[in-house]
Amino acid sequence: MTAKRWAMVVDMRKLDEATAKRCIEVCHRIHNVPNFAKPKNPKDAVSPEEQVRWEVKWIWLEHFHNAFPGMDQPHMAERLQHMNFLLLCNHCDNPPCVRVCPTKATFRREDGVVMMDMHRCIGCRYCMAGCPFSARSFNWRDPRPFVQQEYPDYPTREPGMVEKCDFCAKLLAKGQMPACVVESQGALIFGDLADETSPVREALKNNFAIRRKPFLGTNPQVYYIV
Ligand code: SF4
Ligand code: SF4
């Protein structure tokens, strides 16, 4: 599949927590994202503190006040205050992570997807410092013993590499939708923002949507209908 500008809309009215967790599970499974709480071999078990310190995540849940700082107010709807938002890389139009990477290991494609070339990553973590959305994770230790069942279609990583959501670029190349979108039963919408008839444009035309930290000027391309 091709597009001029890929974008995602998360319809929070349709996304319950169980579905959100399934989206996380499928994304992490097909991208061999390690789960430090579940080692393949019990002898590799790590402490809860280490599980937090070494966490690798591509898509995750966060409360409104963490996801949208500066946009909350004391009298906002309770529904929003307690809602867990599904977050991922925003595939920003003006991505600071790309500007600061010294090796061009992270780069923005013509269709807007911000990619990682893991062979070029030298683990300097400048991109992590540059990203204001905490969308990137660093492999502090060997992730392979913490990947329950390796998924053959995606490479595993080594220690010292940064990783993040790539809008399922491998699936798009095969003509398939991102895995989280498929899993979401209609709560996540994906398409070409440049195409007036696309489902993302339809969703944004007919609903009020917000983005994370728009005041920073990165122009995020993941939208949230609240
Ligand atoms: S969310 Fe962060 S990692 Fe993703 S494109 Fe924007 S700045 Fe880069
Ligand atoms: S678009 Fe693909 S890589 Fe990104 S969060 Fe969804 S499933 Fe994961």
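These questions and answers go through a predicted model and ask what lies behind its labels.

Reader: What kind of model is this, and how are its parts numbered?
Author: This is a predicted model, in which local features need pLDDT of at least 70 and side-chain atom pairs count only at pLDDT 80 or more, while totals for chains, interfaces and linings use all residues. Residues are numbered from 1 along each chain as its sequence is written, chains are lettered from A and ligands numbered from 1 in the order in which they are written, and side-chain values use heavy atoms, with hydrogens and water left out.

Reader: Why is H91 called buried?
Author: Buried means under 20% relative accessible area, exposed over 50%, and partly exposed in between (1.4 Å probe, protein chains only). H91 has 0% relative accessibility, so it counts as buried.

Reader: Where does H91 lie?
Author: H91 is in the loop between β3 and α5 (96-100). Helices (H or I, at least four residues) and strands (E, at least two) are DSSP runs, numbered from the N terminus.

Reader: What stands out about the phi of H91?
Author: Phi of H91 is near 45 degrees, a positive value in a residue other than glycine. Most residues other than glycine have a negative phi.

Reader: What is the phi of C168, and where is its place?
Author: Phi of C168 is near 55 degrees, also positive in a residue other than glycine. C168 belongs to the loop between β7 (162-163) and α7.

Reader: Is C168 buried or exposed?
Author: The relative accessible area of C168 is 6%, so C168 is buried.

Reader: What makes E49 exposed?
Author: E49 has 52% relative accessibility, so it counts as exposed. E49 lies in helix α2. Its C-alpha atom is 35 Å from that of D93, 44 residues apart along the chain.

Reader: Why is strand β3 called largely enclosed?
Author: Strand β3 covers residues 84-88, and four of its five residues are buried, so the rest of the structure largely encloses it.

Reader: How do you know that β2 and β3 pair?
Author: Two strands pair if DSSP finds at least two bridges between them. Five bridges join β2 (residues 59-63) to β3, and the two run antiparallel. H63 stands opposite N84 in β3.

Reader: What is the strand order in the open sheet?
Author: The open sheet of four strands has the order β8-β1-β10-β9, with mixed pairing. Strand β1 (residues 6-11) and strand β10 (residues 222-225) are parallel, over four bridges. The bridge partner of V10 is Y224 in β10.

Reader: What makes β8 and β9 edge strands?
Author: β8 (188-192) and β9 (209-210) each have a single partner strand, so one side of each is left without a neighbour in the sheet.

Reader: What makes a space a cavity or a pocket?
Author: On a 1 Å grid over the protein atoms alone, a cavity is a set of points where a 1.4 Å probe fits but cannot get out. A pocket is an open set with protein on both sides within 12 Å along at least five of seven lines. Lining residues have an atom within 4 Å of a point.

Reader: How many cavities does this rule give?
Author: The count comes to three cavities of 30 Å³ or more. The largest cavity holds about 100 Å³ of space. Of the 14 residues that line it, C89, C92, C97, C131 and F133 are closest to its centre.

Reader: Where does ligand 1 sit?
Author: Ligand 1 sits in the largest cavity. A molecule sits in a cavity or pocket if more than half of its atoms lie within 2 Å of its grid points.

Reader: Which residues come nearest to ligand 1?
Author: Of the 13 residues around ligand 1, C89, C92, C97, C131 and R136 come nearest.

Reader: Which residues surround ligand 2?
Author: The residues around ligand 2 include C27, H31, W58, C165, C168 and C180.

Reader: What lines the largest pocket?
Author: The largest pocket has 27 lining residues, and E25, H28, V33, P34 and N35 lie nearest its centre. Two or more lining residues come from each of α1 (17-30), α2 (48-53) and β2. α1 gives the most, with five residues. The space in this pocket is about 700 Å³.

Terms used. Grid points are joined across faces, edges and corners, and a volume is the space filled by probe spheres set on the points. A residue is near a molecule or strand if one of its heavy atoms lies within 4 Å of it.
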